[in-house]
Amino acid sequence: MNTQGLPKSMKALVLKHTSEPPTVQNVETPQPTLGSAVVRVLRVKVISYSREVMNGTRNYQFPMPLIPGFSAIGRVAAVGADATKIKPGDLVHMDTTIRSRDNPSDVFLAGVADGYTAGSKRLMKDVWRNWTCAEYCRAPLENLAVLDERRLLGSPGEGGLGYKIDDLSFISTLLVPYGGLKDIELQAGQTVIVAPATGPFGGAAVLVALAMGARVIAMGRNASSLAKLKSTVPTPELVETVQITGDVKTETEALAKFGPADAFFDIGPPEAYQSSHLKSAILSLRHGAKISLMGGYREDVAIPHVVIMHKNMQLRGKWMYERSDIPDLIKLVEHGILKIGEKAGSHTYGSFPLEQWKEAWDLAAEHTGLGDQVLMQP
Ligand SMILES: NC(=O)c1ccc[n+]([C@@H]2O[C@H](COP(=O)([O-])OP(=O)(O)OC[C@H]3O[C@@H](n4cnc5c(N)ncnc54)[C@H](OP(=O)(O)O)[C@@H]3O)[C@@H](O)[C@H]2O)c1
């Protein structure tokens, strides 16, 4: 044992190079420093394209060797001397988005990508290189959000929501679209086009928009995935579906049936950068509409500039979410407004130990529907 009862060593998944599979190794347990806490990692949310990130296919940049990881749920094991709220024993959500303290525009995704500035790359390489695919993880205090364990995990008879720890992992998926929808100030009663809506983050956007009081037009290429999405959401009467056919005229005619939309939330994967939905959704918006671009396109995207200009539209990019969005989203969950878990149609397909990283990453690529989850349990 070391300071604050932490073991001297721990198991961690270590990626030495994207051309080699990661291995589970015994490494030194991180110690808390000023401004940080060490958290016993309970569940790591595996994103659907983890495999492509870690084997280099997606060309994300990060320093190696790396202990990879994503957002997670954990229990605080030890805290730095300056922590005034977070204490050992707290159940926390661990946010993967790390920002420089003296320059928040130096931002990167811990365990995944080192960002786009010299500062973000240095901060990941020198300070926050190791993340949640490990028994313990040192995280910045501000990346930890204390969860109301009694409310979330307590039994309904005692005023709890009866969730399981697995269910809480869905918070990190919901946070991504919340960041974009909050950024464009989606209002209750408005109509938002979500496209594509059939992926994990796209589906989560539908749930978040509904919880924010909006009506949703969900777009996707696959009619049966759209039908499944509509049958899974808590208020199907507030969700319309339009297929992405590749033909802008057909899509805009289908969208027009629901009247001009107030907002468009885009979350396409890199391969969708030429998808017709980008144009048809923008052409279906009202004057003064707002557009949130969260898609992960690596190529330039063509937009109907003249319509955006004449209709005074606002086009905003969003990477992840603001720190203040995290407690706000958690409140929606803790108050039962935004449901998670099996009752909300979410299903956990597996919760794997570190040694079974391959099974976890393969399974996550397979199960990408609304609420589908694959977790790691270090
Ligand atoms: N801005 C941010 O902060 C942020 C954060 C997280 C993720 N992202 C980006 O968001 C993307 C989407 O994430 P995700 O997890 O929801 O989904 P994903 O697993 O990356 O992609 C699957 C979704 O994309 C659709 N799709 C795939 N190829 C397409 C194409 N050629 N044309 C149109 N649609 C296509 C799929 O629809 P079908 O059902 O038709 O196959 C499905 O809806 C990620 O790839 C990532 O780049 C951005």
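Biologist: Hi! Which residue lies over the face of Tyr 136?

Modeller: That's Arg 40, at 5.6 Å from the ring centre. Bear in mind that this is a predicted model.

Biologist: Noted. And what lies over the face of Tyr 49?

Modeller: Arg 58 does, and there the distance to the ring centre is 3.8 Å.

Biologist: While we're on rings, how many aromatic pairs does the structure hold?

Modeller: Two of them.

Biologist: Switching to the strands: is β13 buried or exposed?

Modeller: Mostly covered. Strand β13 spans residues 261-266, and six of its six residues are buried.

Biologist: Which strand do four bridges join to β13?

Modeller: Strand β10, residues 191-195, and the two run parallel. In that pairing, Ile 193 stands opposite Phe 264 of β13.

Biologist: And how does β13 pair with β14, parallel or antiparallel?

Modeller: Parallel again, over five bridges, with β14 covering residues 285-293.

Biologist: Nice. What does the chain pass through on the way from β13 to β14?

Modeller: Helix α9, residues 277-283; this β-α-β crossover is right-handed.

Biologist: Last topic: which residues does UniProt list for the alcohol dehydrogenase-like C-terminal domain?

Modeller: The UniProt entry, which is unreviewed, gives residues 202-334 for "domain: Alcohol dehydrogenase-like C-terminal".

Biologist: How far apart are the end C-alpha atoms of residues 202-334, and what's the helix and strand content?

Modeller: Those end atoms lie 22 Å apart in the model, and the span is 39% helix and 23% strand.

Conventions. Residues numbered from 1 in each chain as written. Predicted model: local features only at pLDDT ≥ 70, side-chain atom pairs only at ≥ 80, totals over all residues. Heavy atoms only, no water. UniProt positions renumbered as here; feature names shortened; annotations may be inferred. Buried < 20%, exposed > 50% of the residue type's maximum accessible area, 1.4 Å probe, protein only. Pairing = 2+ DSSP bridges. Right-handed = clockwise from strand over helix to strand, strands pointing away. Phe/Tyr/Trp six-rings, centres within 6.5 Å; stacked < 30°, edge-to-face > 60°. Lys NZ or Arg CZ within 6 Å of the ring centre and 35° of its normal.
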